[in-house]
Amino acid sequence: MLAKASRRQFLRGVSSLAVAGAAPSLSAYLSAMASASAQTAGDYKALVCLYFSGGNDHINTIVPFDTASYNAYYAARGGVGLAFSQSQLLPGPSQGALQVAFNPNLPNIAALSAAKQATVVANVGPLIGPITKSQYAPNSALLPPLLASHIDQQKTWQSLGHANPQGWGGLLGDALSSGNGATGAPFTTVSANGETILFLTGTETSQYVVSGQGVPSAFFAAGSPFANALLHSTMSANLLEQAVGGVYQDLQDYAGELDKALPPVKSFPTLPANNGLAQELLTVARIIKIAPSSLGARRQIFYVNFGGFDTHDQQSTRHPPLMKQLDDAVNYFHQIMASAGLWSNVTLFTMSEFGRQLLPNNGGTDHGWGSHHLVMGGAVAGGIVGQLPTIGVVGPNFLQNGWMIPTTSVEQYGMALGSWMGVGASDLARIFPNVATYSETPVKLFF
Amino acid sequence: MRKIPAFAAALLLATAAKAQTVASSPDAQHAYRFLAQATFGARPTDAQHLITDLKLNYTAWIQEQMASATGFSYQSIAKGLPCSVAASASLSTAVGASVTSICPSDVSQTFWLGAVNDASQLRQRVAFALSQIFVISVEDGSLTAWGDASAAYGDLLYRDAFANFRVLLDDITHSDAMGKFLSFLYNVQGSAPTSTSPGTVPDQNFAREVMQLFTIGLVKLDLSGEPILDAKTGQPIPTYSQNDVIGASNVMTGFGPYDYPKDIPSDFKYDGSLYGREDFQFKPTVSYPQYHSTIAKSFLSVTIPVSTTPNPDGDLKLFLDTLFNHQNVGPFIGKQLIQRLVTSNPSSGYVERIAAVFNNNGSGVRGDLGAVISAILLDPEARNDSSVTTPTFGKIREPILRMAQILRLLGGKPGADGTFGFAPYDPSLQLGQYPFLAGSVFNFYYPDFSPPLTALAAKGLVSPEMQITTTETVYRLDQFLAPIFAGAGWNVGGTTPSYAFTLDYGGWLPLVASNALVDQLNLAFMSGQMSAALQSDIAAEVSATKGGAQSQLAQALRVMIDSPEYIVQK
């Protein structure tokens, strides 16, 4: 069982240990990859990445609310339905003279913020280093490549570069998996949206893939001809067959452990209707509830996906329902975690490939750059971190086209989250190599 | 007597074809292998036609297919399909009580009727490949109330499958569905902020994606599809910048639905009063010069100067001509078509040969898609036997391809409502993948996806379909298919059997008793490529399965269809 539990790590370990002629034993391998992470027995922490696909309109999610900022926002957004009236908004935290409010469809998230269990992280985005408006020029070396392209900025947010093969969630997982023991290690990183995710791709740790429908089972009996038919391709000469065979190998090796331990859906509150995000979060919650006890896992990183945010048109009818679903799903997850006494062990944080332009088009908004984000859980400090911008395209924080110039890098954001997970300083410095460029490293998200 | 429409007649003919088998032979294996790349699955009659009538002359088969006209039509078929309860509920919320339009989900349903029964198989397979490059998603919020437009889009891809790329590009750019999905309809010139009103910018959605996804891609490519590197920095060279997107977004202003002003005289914007109206959704969108930007527009080293007379059609023609003539289009589009039909990792020589045909079909014509498709299927890399055993060759049959082959080869017949039942209200159930229903314009998966921690990734190779081939999806698909195989159809009726589709095992059941089953599965589904190990695994499962020939056949199908050897089309 031990050998199976770390099959993929083991495969990678063979090469990274460079043992000539013989494969290393599992214990030799595990000691070789012992990480610097400080984990104490009995503790458990999970990061849950909530990804908005399409580029969330951050400024209609976390809205400028002090009078000067609000007026500038309203003047810029103008178009009917794109700017909320000030009285509709749900007042949120302040930073000096600046204040934000939450979208009217986010009452539960506003309540979490009021209870200091949700932190607003202002104006985060991919950066090469600090950049000012006057330094901006298209295709400048100071700019991350291929800004405003969905695919490339998804990659940049998830892997800190548009051509990196690993994501920072996966690299954090590499540093954390040894603390999860043999049964927990295969579940160090978990995609809950059915697909293989760049964010969770590590150099050693393989992500396990589940979905809003639940978790997979090994549907073939070990050792049966059926199993052989699926698994002999792990040795196939054809590399695509090998890759598919590896998926079945994971099912055989790991699915049973997770499936048999998982609490049934009916032991949880009723899901909000037609809410795919809540479904994925339910699967995450089911795993979190049994991960420390049944799997021996102490650190886990999850990914859930929420799509539909590319609101180029009809934004006034398309974006508010997304906010409502977000609020319902977060509330659902919070209730489950709180009632299990795990809310302080879990941090839910948002990502999205870009924010949207301040200036609207005829009924919607186009791709931008920086965006506001939320970090939620019992461990966060609340309030606002990062710098709220001066609203308006003539000011220092926006380009003429309405892109918000990020003042906090994705690396600072990621490092704060990795630090909370207990990943050691040297690993953090390796995973977030450019973070030293910034004065505040990492940003302070937690108590 | 009621006249039977041409397509329905063809369908009857196909259904009436006798179940038979083709004896395995090198010729038969070659025929099946070719047809696996060019169709949704070869029935015995299809293979026999290629082997016997055409003497394995692939060129003749391609010509025959390109000339074939079956009368298949998304618009006419989808119109005849009933909205299921879930679809009509969501539709009537959007459009009011009386709905006569096509349901968006019925566009996806119509795909299956064509893939399974249309005799123009090459056209269907290529149109499916095009639908994964020129993506619309019929259940996207922009299209949920506009099924007619989506049906017209399905017909557009089917019609233009072998047309000139410039025609295809023009038709897509004038389609009501794409205009809604990538939101360039009602797009207007931007305005600078003033003391009384905020500034606006034109919508950049289509302007960006037509460059990034439909024509030239992000970085400059050589003929073999490899990025050209900057001599100084060693980095790939971007094909365009944000300024080009802005320039192009100004070109894409002033286009609206056909016949628009008669209905809505005043403001130029999305209007729900057009719901339920069919006519304009079928027709090419047209320009409304008064809403077209007259500022200077720069894109891809072309500049249209400030003009006093708005010229939307002229500006658009210049933009699309510029894209069409860009050196990237041949390798960029050619490689993706190879990936959809033949192999995920074509050699640079293969891409280069196809790009060269795109650039010149031999008669001096650029963009001849028929010639490109023909070259892809006839290329030595696609046809040589040695490719089958090349470790990097092949592509994963995504769930849609697997399901379509199952339905074609096992006599799949639609249920009482005339559909195969793949109502995509919850794509995470059932197949996990639905035609015309990708999550976004970026399709079901990315062309450069490489499965992490595999030998494939270590070699820098890709398998786009692996992005959706995971512990989760292989499990869900097995659980969906196993009861279908066992029950010879998809019984959705609970206690009272009610079939979304049925399978006809008539020709297959006798093979179970005669021990010819594995041989025939191998030939028909896997072009004779099944390893001895898999053959013996399936045979062992068959003999260990109780409950008679149907149960044994079902288990054989389940094991084969799940197997990595089958999943990789080689």
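What share of the contacts in chain B with a separation of 6 or more comes from residues 24 or more positions apart? I looked this up in a predicted model. The share is 69%.

**Entry: chain B overall**

I listed the secondary structure of chain B next. It comes to 28 helices and nine strands. Then I checked burial. Of the 570 residues in chain B, 55% are buried.

**Entry: helix α2 of chain B**

I picked helix α2 of chain B, residues 26-38. At 1.5 Å a residue, its 13 residues should span 18 Å. I found its end C-alpha atoms 18 Å apart, so the two values agree.

Is α2(B) mostly covered or mostly open? It is mostly covered, with ten of its 13 residues buried. I noted the buried ones by name. Among them are B:Ala28, B:Tyr32, B:Phe34 and B:Leu35.

**Entry: B:Gly415**

I moved on to a single residue. B:Gly415 sits in the loop between β6 (413-414) and α22 of chain B. I counted 18 C-beta neighbours inside 10 Å. A residue needs 20 or more to be buried, so B:Gly415 counts as partly exposed.

Which residues does B:Gly415 contact, leaving aside its neighbours within four places in sequence? I found B:Gly421, B:Tyr499, B:Ala500 and B:Phe501. I also checked B:Asn491. B:Gly415 and B:Asn491 are 76 residues apart in sequence, but their C-alpha atoms are 9.6 Å apart in space.

**Entry: where chain B touches chain A**

How many residues does each chain give to the contact? Chain B gives 67 residues and chain A gives 70. On the side of chain B, the elements that give two or more residues include α12 (205-212), α13 (242-251) and α26 (532-544). The largest share comes from α23(B), with eight residues. I sorted this side of chain B by class. It holds 30 nonpolar, 28 polar and nine charged residues.

**Entry: two helices in chain A**

Two packed helices are described by the angle and the distance between their axes. I looked up both values for one pair. The axes of α11 (residues 276-295) and α12 (residues 315-339) of chain A come within 9 Å and cross at roughly 20°. An angle under 35 degrees counts as roughly parallel, so α11(A) is roughly parallel to α12(A). Their crossing is right-handed.

I then noted who meets whom. α11(A) brings A:Leu277, A:Ala278, A:Leu281 and A:Ala285. Facing them in α12(A) are residues including A:Leu326, A:Tyr332, A:Phe333 and A:Met337. By class, this contact has ten nonpolar, one polar and one charged residues.

Key:
Residues are numbered from 1 along each chain as its sequence is written. Chains are lettered from A and ligands numbered from 1 in the order in which they are written. This is a predicted model: local features need pLDDT of at least 70, side-chain atom pairs count only at pLDDT 80 or more; totals for chains, interfaces and linings use all residues. Helices (H or I, at least four residues) and strands (E, at least two) are DSSP runs, numbered from the N terminus. The expected span of a helix is 1.5 Å times one less than its number of residues. A residue is buried if 20 or more other C-beta atoms lie within 10 Å of its own, exposed if 12 or fewer, and partly exposed in between; C-beta atoms are placed from the backbone. Two residues are in contact if their C-beta atoms, placed from the backbone, lie within 7 Å. Ala, Val, Leu, Ile, Met, Phe, Trp, Tyr, Cys and Pro count as nonpolar, Asp, Glu, Lys and Arg as charged, and the others, Gly among them, as polar. Axes are lines fitted to C-alpha atoms, for helices over the stretch in contact, and angles run from 0 to 180 degrees between N-to-C directions. Angles under 35 degrees count as roughly parallel, over 145 as roughly antiparallel, 65 to 115 as roughly perpendicular and the rest as oblique. A crossing is left-handed if the near helix is turned anticlockwise from the far one by less than a right angle, and right-handed if clockwise.
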